[in-house]
Each structure stands twice: as C-alpha cells, then as structure tokens.
Amino acid sequence: MTQTIKSIIIDDEQKDRENLRILLDAYCPHVEIIGEAKDRNSILKILSELKPDIVFIDIQLGTISVFDVLSEIDNIDFYIVFVTAFDKYAIHGYQYNAIDYLLKPVDPKRLIKVVDKMYRFKDQIRSKENTKNDHEELYTNTMDTQKISITDIKGIHMVKVIDILYCVSDGNYTTFVMNDEKEIIISRNLKYFESKLIVYGFLRIHKSYLVNLNHINSLIKEQGNYVIIKNGKFLPVSRNCKKKLCEKMNIL
C-alpha cells in the first residue's frame, strides 16, 4: 500500500495554488494537501501548527523571497520543492541539488517524478541542522551558476549573478558594478532591480545602493555605518537598513 505524503502549498497567487492542488489531486492521489499559505505570517503559522512531509513553495512571495521566510523557521524537518516562474537561466542551478524544483506552469509528468522522489526520501528525513545546511548550500550553488539578462543601449547582456558586486542608483538609471570592474548602465531605477534581485541575495543598504551580500567583506560601525565590498569600495549603510543588514550577515 502506498504511503500518504502530507503536503502544504505555499504561493502568493491563489490561481497558482489552485492549479497545483488540481494537478496533485489528479496525478498524485497519495499526496494529501493539509494546508495552504500565501505570505510570511500565514506560512509561519501553518508550519508551526502542521507537520508536512513536503512543502511546495514559490521562490518569490510578493516582495520577499522564500529564503527570508526559511531563515525564521527554527525546525525545518520537512522537504521543500521550489515552484517558480523563473526563466531557464535563473532555474539552471536547481537541477543539480538534492531537493528539487517545478517550473511554472507545472508539467504533470515532472510533478509525478518529484513526488516519486519524495516517496524514496520519506523514511530519510534529515535532522534540522543538516536540512538547513542543505538549503544554504542550495542557495550558494545556485548563485554560482545563475544568470540574468540585463539590457542597455548596446544590447542584452547575460551575466552571472555572482559576478555582480552592487548596483548604484542615479535617478532613473542604475549602474551595475561587476566583479571585473566593468560597469553596465541601465535605464531603470534601483527600486525596479531591488524587487528582481532580492531573491538572489541582494539587499538595499542605502537609498542609492543595492548590494550582493556575498561580496561584503565587513561592516564598519565607526564614523557612520558602511560596508567594505570585495573590490575595496566603501559603501554607506543607512540607519533604517542597518538592522536588516546585520540580520542577513548573522551579526549578533
């Protein structure tokens, strides 16, 4: 007899939650959907009350990323399948990691394969620490391979996320400062890119700066707050952004 897998669907779009529920009911009858959530508060509440085996979760939840929510959960004793509408460049890194992903719109055949994998893993639920480390490793490995496309007056540039040091605001323009000191100027404001890059580990530290957290060497609190970037640049940190930055850098 096939064992039941308890699942939760997390997505800020009701239509996407309904679509996944329909597919699970039709193609994976042994997956029991025990709850749904759509934002930070409902996610934390449902995961504290229920005990799922697997959580289908969208990567971008409105203005926050799934990694922001996962960092608030003390006991991650369930498996995660990421569900995303990212293009092929952004999703490329996930296929090499142990958890798994589904690309929107969800392909029923792909869904069945993912669920079959969960059956194999059902009796091998890892400890909290190992599971959290897996999520961190997933994020790191993904950062090494992910690419995004940015368009300037010269054309479309495919760049690795890990090669972007930070972005600088100049009114309605944003300058991407790259690891090789190359600069790419885009005719969009910084707020636009903040919403797009937050899922990749970028953080707004000042009204004029959006920084790749992977390239911060240190946070200096003397004579005002500022960070030192990998290339030796000093960037200011606003008072309003300091608390969030300290949380992201795990500063006690």
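Reader: In which loop is the place of Pro105?

Author: Keep in mind that we're looking at a predicted model. Pro105 is joined to Lys104 by a cis peptide bond, with omega at about -10°. Most peptide bonds are trans. As for its place, Pro105 sits in the loop between strand E7 (101-103) and helix H5 (108-121).

Reader: What is the phi of Glu181, about?

Author: Let's find the residue before giving the angle. Glu181 belongs to the loop between strand E11 (173-178) and strand E12 (183-186). Most residues other than glycine have a negative phi. Glu181 is not a glycine, yet its phi is positive, at about 75°.

Reader: And is Glu181 buried, partly exposed or exposed?

Author: Buried means under 20% relative accessible area and exposed means over 50%. Glu181 comes in at 45% relative accessibility, so the label is partly exposed.

Reader: Leaving aside neighbours within four places in sequence, which residues is Leu47 in contact with?

Author: Once you set aside the neighbours within four places in sequence, the contacts of Leu47 are Ile8, Pro52, Val55, Ile73 and Phe78.

Reader: How many disulfides does a search of the whole structure find?

Author: A disulfide is a covalent bond between the sulfur atoms of two cysteines. There are cysteines tucked away here: Cys28 counts as buried at 6% relative accessibility, and Cys246 is buried too, at 13%. Still, searching the whole structure for disulfides gives 0.

Reader: What kind of aromatic pair do Tyr192 and Phe193 form?

Author: A pair of aromatic rings is described by the distance of the centres and the angle of the planes. For Tyr192 and Phe193, the centres are 5.1 Å apart and the planes are at 85°. Planes over 60 degrees apart get their own label, so this pair is edge-to-face.

Reader: Which residue lies over the face of Tyr192?

Author: Tyr192 is partly exposed, with 31% relative accessibility. At 4.1 Å from the centre of the Tyr192 ring, over its face, lies Arg188.

Reader: Why is the pair of Tyr226 and Phe234 tilted?

Author: Planes under 30 degrees apart count as stacked and those over 60 as edge-to-face, with the rest tilted. The Tyr226 and Phe234 ring centres are 5.2 Å apart, and the pair is tilted because the planes are at 40°.

How values were computed:
Residues are numbered from 1 along each chain as its sequence is written. This is a predicted model: local features need pLDDT of at least 70, side-chain atom pairs count only at pLDDT 80 or more; totals for chains, interfaces and linings use all residues. Side-chain values use heavy atoms; hydrogens and water are left out. Helices (H or I, at least four residues) and strands (E, at least two) are DSSP runs, numbered from the N terminus. Buried means under 20% relative accessible area, exposed over 50%, partly exposed in between (1.4 Å probe, protein chains only). Contact means heavy atoms within 4.5 Å. A disulfide is a pair of cysteine sulfur atoms within 2.5 Å. Rings of Phe, Tyr and Trp (its six-membered ring) pair if their centres lie within 6.5 Å; planes under 30 degrees apart count as stacked, over 60 as edge-to-face and the rest as tilted. A charge sits over a ring if NZ of Lys or CZ of Arg is within 6 Å of the ring centre and within 35 degrees of the ring normal.
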